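Please look over the sequence and the structure shown here before reading on.

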Amino acid sequence: MGLTDAWGRLAVRHAHVLVAELPGYWMTRVAVERQVLARGWRLARSPADADILAVCGPPRPPLAQSLTRVWEQVPGPRTRVGVDSPRAVLAALDTAAADLLDTAAQRADGRDRTAEHGGTGRGGRRGGSTPDAYGHAGHHEPPHGIPLAAGGEDRDGLEMDLLRLRLGPVLAYWPAGLVLGCALQGDVIVDAEASLVGVDDATTVAADAPVTDDPRRFAARRCDNAVSLLGLAGWDDAASRARRIRDALLVNSDPDRPARELDRLRRRVGRSWWLRWSLRRLGPLDGPELARRGLPATAVGDVRDRLLAMLDRAADGIAGRHPAGPPLRAPVEALPDLVRGWDVATARLIVASLDLEPLVTGREVSRV
Amino acid sequence: MSEPAVTVVPGGWAPVAAGLLGLLAVTAAALDGFLTARATGAGPSGLSQPFGEVARLMRQRRRTTVAADRLLWRTGGAGLLVMALLIIVVVPLGEWTLFDLDVGVVWFNAMDVLAWAFVWLTGWGANSAYSLVGGYRFLAHGLAYELPLMFALVAPAVGASSLNPGAIVAAQRGLWFVVWMPVAFVVFCAGILAIAVWGPFSPALGVDVAGGVAAELSGVDRLRFLGGRYALLAAGAAFAVPMFLGGGNGPLLPGWSWALVKTVVLLCGLVWLRRRLPAARPDSFMEAGWLVLLPAALLQDLVVAVVAAKRG
Amino acid sequence: MLLPVAFWVLAVVAVLAGAAVFMVDSMARASYSLAVSFVAVGLLVLLLRQHYVGVVTILMMVMEMAVMAVYMVMFMGMNPALMPMSMVHDNRHALAVSIGVFVLLAAGVLLVPWPARRGGPPVDVTAALGDGLMGPKMLVMSAVGGVMAVTVVAGVVLAAHRTRYDRFGDDLRRRPADDPQPGGVGR
Amino acid sequence: MTLQTVLLVAAALFSVGLYGALSQQAVVMVMMGLELMLNGLILAAAAFWWFLAPDPSGQVLLLVIIVAMTVEMAMGFAVATHLHRVRRADLTDLAADLSR
């Protein structure tokens with residue numbers, strides 16, 4: 001028994017946490033991320049990679065169903081914790097660690113799942129083929145209940161299967177509450193449809209109000225968006241730096257260090273020719289187009305321009321200069337046009353580069 | 001070419017070679033854990049990362065997905081480790097080698113191509129959109145890196161007029177090939193990163209597609225896949241040593257220790273490189289591979305061929 | 001001792017994997033069983049002391065099958081183990097013809113009085129191949145090079161959808177090119 | 001491992017490939033059949049070289065077979081892509097008029 005326990009403790013010291021952020025709870029998510037990394041835990045990239053599902057905010061339908069589906073895909077030993085405010089994070093993660101170590105309960109969980117599903121997880125989201133393409137393939141019943149894909153002409157003039165994929169609502173580096181239903185050919189988005197889930201009326205009312213009067217929080221949000229963009233660009237180191245600046249802005253009161261760090265990050269990002277090569281010419285937007293789509297004029301240029309502008313705005317925020325203009329919240333109408341015709345990787349870079357404000361529900365405790 | 005360049009050791013030493021490869025892989029994983037923890041700026045040192053990950057993944061349940069092709073999925077996941085082991089079979093460690101194959105360079109090339117099969121199969125078998133996208137991303141990278149890699153391997157072979165790693169080491173007694181074949185060396189290192197799906201070549205495992213190829217892997221399957229990546233990185237670094245870095249040649253220390261030291265240094269360099277470089281998305285790397293790396297590697301081959309012809 | 005065992009194992013694997021290509025019910029499995037068959041034959045060629053050709057067979061065929069699998073999925077679309085596929089025509093005739101051919105070939109193999117071996121193998125088989133290609137068989141090498149180059153061009157012309165006029169405009173002056181997604185070197 | 005046994009294996013591979021090439025409808029599957037036939041040829045050529053005449057230049061034939069294979073594949077893929085684009089057809093039956 002002693003060995004099993006030691007083994008378990010070693011495993012739990014390196015747990016991976018999948019963080020699901022509900023609209024309006026980004027400060028809670030930030031606090032969870034900070035505590036997770038401070039423990040030497042890691043952030044999971046997918047449900048299969050996770051031991052702990054940390055849900056930031058109280059889930060209401062239909063998000064509750066999405067979270068249940070995600071939860072079903074976590075392999076186990078697993079535990080799920082709900083965190084409703086930044087202050088509850090420490091206790092919640094302690095509970096999670098204890099739950100993971102509770103071998104008896106985990107075994108029981110495993111037994112229940114085997115009995116229920118005859119297996120764990122259901123990641124199958126892929127449509128299949130058209131049997132009609134070769135008339136006499138005997139079976140026309142959709143196997144395993146997965147509907148078969150329909151075809152359509154792709155951008156190279158080849159007829160390709162269309163695959164439906166939903167980006168969000170639980171996805172790393174993705175704006176909370178946003179769901180993008182995509183029709184893919186290969187990994188190119190041929191059509192998309194954006195919507196918001198889990199956002200109640202209070203949000204819509206609050207949408208026109210300024211997000212915050214606190215310039216430091218404004219800067220922290222910019223840094224958080226930079227974390228997403230740099231993470232999606234595959235530059236984990238720079239993303240970690242941006243994350244540290246964000247946390248410093250929210251926790252410490254000394255404004256000098258984050259300002260210096262941000263300046264260094266800005267220079268490093270600006271200097272990186274590799275990043276320039278990787279991000280230039282992606283999702284270009286010019287002034288008239290921005291105006292037509294109702295996007296702020298600050299989003300001009302390509303993804304790299306927007307990343308640099310984002311970091312500059314963060315620096316302005318730290319310096320206490322508050323930006324003019326209304327905040328940009330998930331532009332549901334404009335998004336499909338922005339991502340159509342790009343591949344998934346680029347589409348995600350474009351969404352992250354828009355530097356969106358969080359959706360507010362007015363319930364989150366605002367102090368970390 | 002009259003005297004054999006290396007001594008073939010009996011097959012009983014194979015487990016030792018596998019153990020060495022494992023040690024190198026653990027070193028790489030520990031270093032990566034350390035660098036990641038340092039970048040995070042909080043929490044423990046991260047050096048225990050490989051052991052913690054092993055414990056965690058051994059404890060985790062294996063999962064499967066609806067209508068997964070389990071045979072192909074699991075073959076792919078375990079294949080990377082097998083590849084790495086097959087590569088080190090022909091790598092001389094100082095004066096010893098397990099298999100003194102006269103076409104060792106081509107053997108390495110044939111083994112590294114297996115990554116195409118294994119990574120794609122891992123992405124395909126799970127029957128999940130994200131992992132399939134990851135699988136295709138790897139193939140797209142493959143189309144761009146494989147030819148430059150092949151021509152980069154041609155350079156040392158031409159320089160030493162042999163396809164045998166032992167003979168190539170012997171040809172570097174005076175001057176390491178990296179000195180006068182720098183382009184080939186850089187392209188070769190890019191190839192190693194690519195077969196290990198590492199650093200700039202990690203979009204196949206990208207966070208934007210929830211982990212891509214590895215999105216649906218858990219438990220032992222994930223452990224094998226991730227372990228295979230580190231092992232491939234180590235095996236690639238080990239093969240670069242006889243090809244470009246003079247093998248076991250070096251002052252004072254015996255040959256095997258020089259080979260090991262060079263491998264570790266190169267391996268650490270490759271692990272560290274991940275911190276510095278953002279991802280190279282396959283759609284943009286494709287052009288870079290064909291229009292920059294391939295001509296550069298060919299030019300390098302031309303230079304080497306001219307020099308080799310002059311020397312006679 | 002080890003050699004005959006290895007030979008028979010590889011031979012059985014090669015033939016069975018080859019047959020599996022037309023029996024399995026998924027595209028990925030079909031192309032990768034062909035790859036297995038090729039790897040087995042590559043190893044058999046290694047056993048026959050032709051190291052270079054054997055390893056090159058493995059190298060090329062694994063790569064080719066990886067591409068093949070993509071084409072299969074692209075043009076046919078097939079979920080792994082989802083849709084049993086059967087796309088045969090003239091099954092009975094094909095079977096009869098192929099069995100007939102096998103019987104004929106086997107009879108030939110067994111009945112022809114094969115001559116005895118002439119000469120011994122060169123010391124370095126690979127070097128001998130290189131010398132052959134660059135010496136007496138130079139014509140073959142140059143012909144192969146030409147054929148490959150023509151194949152590359154013809155293949156691209158056949159398969160490509162967009163021409164340079166689509167990319168650069170009718171006067172070929174548009175910069176940057178009009179591509180659905182920008183390339184990596186900014187042409 | 002004698003000449004006869006290796007040739008028998010090669011003949012088996014060739015026949016299986018022939019069956020595939022004759023019976024399959026999809027262009028790519030026909031190509032797989034052709035590949036398998038060439039696979040048998042490679043083995044047979046290697047056996048002839050080793051057992052009958054292991055002279056220096058005999059291996060060139062093997063390389064030529066491999067080249068033939070690549071050319072076959074490359075053109076096959078290109079034609080399949082072209083047919084798919086132009087006619088939405090990937091079955092040989094649907095392209096039967098090409099033989100008229």
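The pLDDT is the predictor's confidence in each residue, on a scale from 0 to 100. It is needed here because this is a predicted model. In chain D the mean pLDDT is 81, and 84% of the residues reach 70 or more. Chain C has a mean of 82, with 91% of its residues at 70 or more. One stretch of chain C, residues 78–83, has pLDDT below 50, yet beyond near neighbours in sequence this stretch makes 34 contacts in the model. Chain B has a mean pLDDT of 87, and 98% of its residues reach 70 or more. For the complex as a whole the predictor gives an ipTM of 0.83 and a pTM of 0.87.

Consider chain C next. What secondary structure does chain C have? It has seven helices and zero strands, so that the pattern read along the sequence is α-α-α-α-α-α-α. The C-alpha trace of chain C spans about 70 × 50 × 30 Å along its principal axes. Its radius of gyration is 23 Å, whereas a compact globule of 187 residues would have one near 16 Å. Chain C is divided into domain 1, residues 1–81, and domain 2, residues 125–187. The C-alpha centres of these two domains of chain C lie 27 Å apart. Of the 187 residues in chain C, 41% are buried. Taking contacts in chain C between residues at least 6 apart in sequence, 51% join residues that are at least 24 apart.

Chain C also touches chain D. Here 71 residues of chain C are in contact with 62 residues of chain D. On the chain C side, the elements that give two or more residues are α1 (2–20), α2 (27–47), α3 (51–76), α4 (91–111), α5 (125–134) and α6 (138–159). Which of these elements gives the most to the side of chain C that touches chain D? The answer is α4(C), with twelve residues. Sorted by class, this side of chain C has 51 nonpolar, 13 polar and seven charged residues.

An unreviewed UniProt entry places the feature "transmembrane region" at residues 6–22, 34–52 and 58–80 of chain D. The model can be set beside two of these spans. Over residues 34–52 of chain D the chain is 95% helix and 0% strand, and the end C-alpha atoms are 26 Å apart. Residues 58–80 of chain D are 91% helix and 0% strand, with the end C-alpha atoms 34 Å apart.

Pro200(B) lies in the loop between α8 (182–195) and α9 (219–244) of chain B. Is Pro200(B) buried or exposed? The cut-off for a buried residue is 20 or more other C-beta atoms within 10 Å, and Pro200(B) is buried because it has 22. Leaving aside neighbours within four places in sequence, Pro200(B) is in contact with Leu193(B), Leu277(B), Ala279(B) and Ala280(B). The C-alpha atom of Pro200(B) is also 5.8 Å from that of Pro278(B), although the two residues are 78 apart along the chain.

The remaining two residues each have a positive phi without being glycine. Tyr173(A), in the loop between β7 (163–167) and β8 (178–185) of chain A, has a phi near 60 degrees. Tyr173(A) counts as buried because it has 21 C-beta neighbours inside 10 Å. Ser161(B), in the loop between α5 (129–160) and α6 (165–170) of chain B, has a phi near 45 degrees, again a positive value in a residue other than glycine. Ser161(B) has 14 other C-beta atoms within 10 Å and is therefore partly exposed.

Note on methods:
Residues numbered from 1 in each chain as written. Chains lettered and ligands numbered in written order. Predicted model: local features only at pLDDT ≥ 70, side-chain atom pairs only at ≥ 80, totals over all residues. Helix = DSSP H or I, 4+ residues; strand = E, 2+ residues; numbered from the N terminus. Rg over C-alpha atoms; globule rule 2.2 N^0.38 Å. Buried ≥ 20, exposed ≤ 12 C-beta atoms within 10 Å, placed from the backbone. Contact = placed C-beta atoms within 7 Å. Nonpolar A, V, L, I, M, F, W, Y, C, P; charged D, E, K, R; others polar. UniProt positions renumbered as here; feature names shortened; annotations may be inferred. Domains from an automatic or database assignment.
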